[in-house]
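Here is a short briefing for a first look at this structure. It covers the nonpolar cores, then the aromatic rings.

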Amino acid sequence: MKELNPSLPLKQIQSEMTALQSQIQVLEQERAALTINNDVMTHEDDSPFAIVEAYRRQARENAQLFAEIKGIEDAIAALDTQLQHKKAELARLPRRQQQINQEQQLEAAKEVAQVHAERINEIAQELAAEIRLLKACADQLSPLYWQVYYKPFITGFKTISVPYVRSDGAVWTIVNRIV
């Protein structure tokens with residue numbers, strides 16, 4: 001059975017999340033540095049139209065700068081989306097790890113059960129052989145035993161059975177084989 005390492009995906013996801021957070025932080029610092037000297041001057045008593053026009057004028061005057069800022073903001077949004085996906089994957093990981101652990105436990109238990117089933121089948125073969133030898137002895141002794149004791153030596157050979165374990169691949173069944 002292949003050994004699964006459930007901590008590998010956890011470490012990988014955590015390192016990817018750290019890299020994403022680091023890149024987002026770098027981009028946010030870059031955006032802050034670009035916008036420090038380029039704040040649009042507005043007053044509290046400016047109309048909404050005046051505020052919009054001030055921002056538009058600033059964008060037209062510094063089109064390349066605002067395009068770069070827009071690109072940085074788009075990159076931050078894309079990286080943030082990836083980070084959210086990684087967080088969701090990390091949240092699902094404990095359930096996946098639990099399922100992997102259960103599968104490993106199941107495989108180990110099946111291997112133990114297989115050993116026991118094989119041993120039962122071996123013992124059943126040995127027991128069947130011993131019963132046949134006993135029946136042969138009984139068949140040989142019965143006529144004399146009847147003469148001496150007026151009763152049979154051993155009875156019940158038609159209903160003697162031994163357990164046998166078989167499997168169809170998914171379900172194991174214990175059946176009684178008549179000896």
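Which residues make up the largest nonpolar core? It has 10 residues: Ile13, Met17, Leu20, Ile24, Leu27, Ile72, Ile76, Leu79, Leu83 and Leu93. The model is predicted: local features need pLDDT of at least 70, side-chain atom pairs count only at pLDDT 80 or more, and totals for chains, interfaces and linings use all residues. Residues are numbered from 1 along each chain as its sequence is written, and side-chain values use heavy atoms, with hydrogens and water left out.

**Nonpolar cores**
- A nonpolar core is a set of buried Ala, Val, Leu, Ile, Met, Phe, Trp, Tyr and Cys residues joined through side-chain atoms within 4.5 Å.
- Buried means under 20% relative accessible area, exposed over 50%, and partly exposed in between (1.4 Å probe, protein chains only).
- Helices (H or I, at least four residues) are DSSP runs, numbered from the N terminus.

**Contacts of Leu79**
- Leaving aside neighbours within four places in sequence, Leu79 is in contact (heavy atoms within 4.5 Å) with Leu20, Gln23, Ile24 and Leu27.

**Aromatic rings**
- The structure holds two aromatic pairs (ring centres within 6.5 Å; planes under 30 degrees apart are stacked, over 60 edge-to-face, the rest tilted).
- The Tyr145 and Tyr149 rings are tilted, because their centres lie 4.7 Å apart with planes at 45 degrees.
- Both Tyr145 and Tyr149 lie in helix α3, four residues apart.
- Tyr145 is partly exposed at 24% relative accessibility, and Tyr149 is partly exposed at 48%.
- Ring pairs link Tyr145, Tyr149 and Phe153 into a cluster.

Conventions:
Rings of Phe, Tyr and Trp (its six-membered ring) pair if their centres lie within 6.5 Å; planes under 30 degrees apart count as stacked, over 60 as edge-to-face and the rest as tilted. Helices (H or I, at least four residues) and strands (E, at least two) are DSSP runs, numbered from the N terminus.
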